[in-house]
Amino acid sequence: MSNTNGGTKRLALISSRGTLDWAYPPFILASAAGAMGWEVAIFFTFYGLPLLKKDLDASVTPAGNPAMPMKMPFGPEGFQSINWNIPNVISNNVPGFDSIATNLMKQTFKKKGVASIEELRDMCIEMDDIRLIGCQMTMDVFGFTKDEFVDECEIGGAATFLEYAADSDVSLFV
Amino acid sequence: MKEEIGFDDYLDCRNLTCPMPVLKTRNAISKLSSGQVLKMAATDPGFIADIDYWSARTGNSLLKSELDGSAHIFFIQKN
């Protein structure tokens, strides 16, 4: 395989994290590159693989994320700008705290005009020059089957990604 | 007096953030024929830089950009 398509740029991405926050970079970069006429492949591996599932359920956890701002997406402006300093003992131990944080982040993103992961993924699926590759080994390890994933994805291994990345102009690990 | 540019389609991307204005612009331009003009509005400050790069990369022409209140208005001609 060689990049013989003239001036067309190529982007090779590895998506290895499946939380809501880390799901954004690969889908944003891939869709933007596709919109610029680039060819793209995203290799979904380890915790990134569930991002190919038909039913996306990416969530976010403040545990281990000390830089994550905790802000409320509702109420007066002054209230919304408060960065709530939630002690670890609460964020790490209160049952359901992650789902609260996930909902707050989704609401905040929506309010700020940020597309959902589903929308961005759909954009990627619509573009012919974007390949979504699921990692076979991760499927075996975590017990996923191909029919759990979106129909438009393909399954491959390290060599599949490397062959693509070898002729890429930009390669990123997320 | 403002010089008026004719356009064939209008796209409202106000209050949308990166990368949606770029994606919607791409989709809107793809529906036009060569030479036709898209007028679009955006409020994302990052898009002002992005539309320059997008136009240069995709070969479409950014004919004009202007500020209208809080929104930037762009006229893009399909290659």
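I'll start with the contact between the two chains, which takes 12 residues from chain B and 11 residues from chain A. On the chain B side, the elements that give two or more residues are α1, residues 20-30, and α2, residues 45-58. Of these, α1(B) supplies the largest share, 4 residues. By type, the side of chain B that touches chain A divides into 7 nonpolar, 3 polar and 2 charged residues.

This is a predicted model. The predictor gives the complex an ipTM of 0.90 and a pTM of 0.91. Chain B has an average pLDDT of 95, and 96% of its residues score at least 70.

Now chain A. It has 7 helices and 5 strands, and along the sequence these follow the pattern β-α-β-α-α-α-α-β-α-β-α-β. The C-alpha trace spans about 55 × 35 × 25 Å along its principal axes. Chain A has 174 residues, of which 31% count as buried. If we take the contacts in chain A between residues at least 6 apart in sequence, 74% of them join residues at least 24 apart.

What is the order of the strands in the sheet of chain A? The order is β4-β3-β2-β1-β5, in an open sheet of 5 strands with parallel pairing. The edges are β4, residues 154-156, and β5, residues 170-173; each has a single partner strand, so one side of each has no neighbour in the sheet. On average, neighbouring strands in this sheet are turned by 20° against each other, direction ignored.

Inside that sheet, β2(A), residues 39-44, and β3(A), residues 130-135, run parallel and are joined by 5 bridges. One position to look at is Ile42(A), whose bridge partner in β3(A) is Leu132(A).

Helix α1(A), residues 20-35, lies across β1 (10-15), β2 and β3 of chain A, and runs at about 165° to β1(A). Helix α7(A), residues 158-166, packs on the sheet and touches β1, β2, β3, β4 and β5 of chain A. The direction of α7(A) makes about 145° with that of β1(A).

In soluble globular proteins, nonpolar side chains tend to be buried together. Here the largest nonpolar core has 53 residues, and those with the most contacts inside it are Ala30(A), Ile42(A), Phe43(A) and Phe44(A). The element that gives the most to this core is α1(A), with 9 residues. Back to Ile42(A): which residues does Ile42(A) touch, not counting those up to four places away in sequence? They are Leu13(A), Ser15(A), Pro26(A), Ala30(A), Leu132(A) and Ile133(A).

One backbone detail in chain A, before I leave it. Most residues other than glycine have a negative phi, and most peptide bonds are trans. Phe46(A) is not a glycine, yet has a positive phi of about 45°. Phe46(A) sits in the loop between β2 and α2 (77-80) of chain A. Is Phe46(A) buried or partly exposed? Phe46(A) is partly exposed, because 16 other C-beta atoms lie within 10 Å, and a residue needs 20 or more to be buried.

Chain B next. Strand β1(B), residues 9-13, pairs with β2(B) in the parallel sense over 5 bridges. Within this pair, Cys13(B) stands opposite Ala42(B). In a regular strand the side chains alternate between the two faces of the sheet. For β2(B), the covered face holds Leu38(B), Met40(B) and Ala42(B), while the uncovered face holds Val37(B), Lys39(B) and Ala41(B).

The loop between β1 and α1 of chain B has two details. Asn15(B) lies in that loop and has a positive phi of about 65°, although Asn15(B) is not a glycine. Asn15(B) counts as partly exposed, with 15 C-beta neighbours inside 10 Å. Pro19(B) has its place in the loop between β1 and α1 of chain B as well, and the peptide bond from Cys18(B) to Pro19(B) is cis, with omega near 5°.

Last, the loop between α1 and β2 (37-42) of chain B, where we find Lys31(B). Why does Lys31(B) count as exposed? Lys31(B) has 11 C-beta neighbours inside 10 Å, and the cut-off for exposed is 12 or fewer. The C-alpha atom of Lys31(B) is separated by 20 Å from that of Asp52(B), which is 21 residues apart from Lys31(B) along the chain.

Key. Residues numbered from 1 in each chain as written. Chains lettered and ligands numbered in written order. Predicted model: local features only at pLDDT ≥ 70, side-chain atom pairs only at ≥ 80, totals over all residues. Contact = placed C-beta atoms within 7 Å. Nonpolar A, V, L, I, M, F, W, Y, C, P; charged D, E, K, R; others polar. Pairing = 2+ DSSP bridges. Axes fitted to C-alpha atoms, helices over the stretch in contact; angles between N-to-C directions. pLDDT = per-residue confidence, 0-100. Core = buried A, V, L, I, M, F, W, Y, C linked by C-beta atoms within 7 Å.
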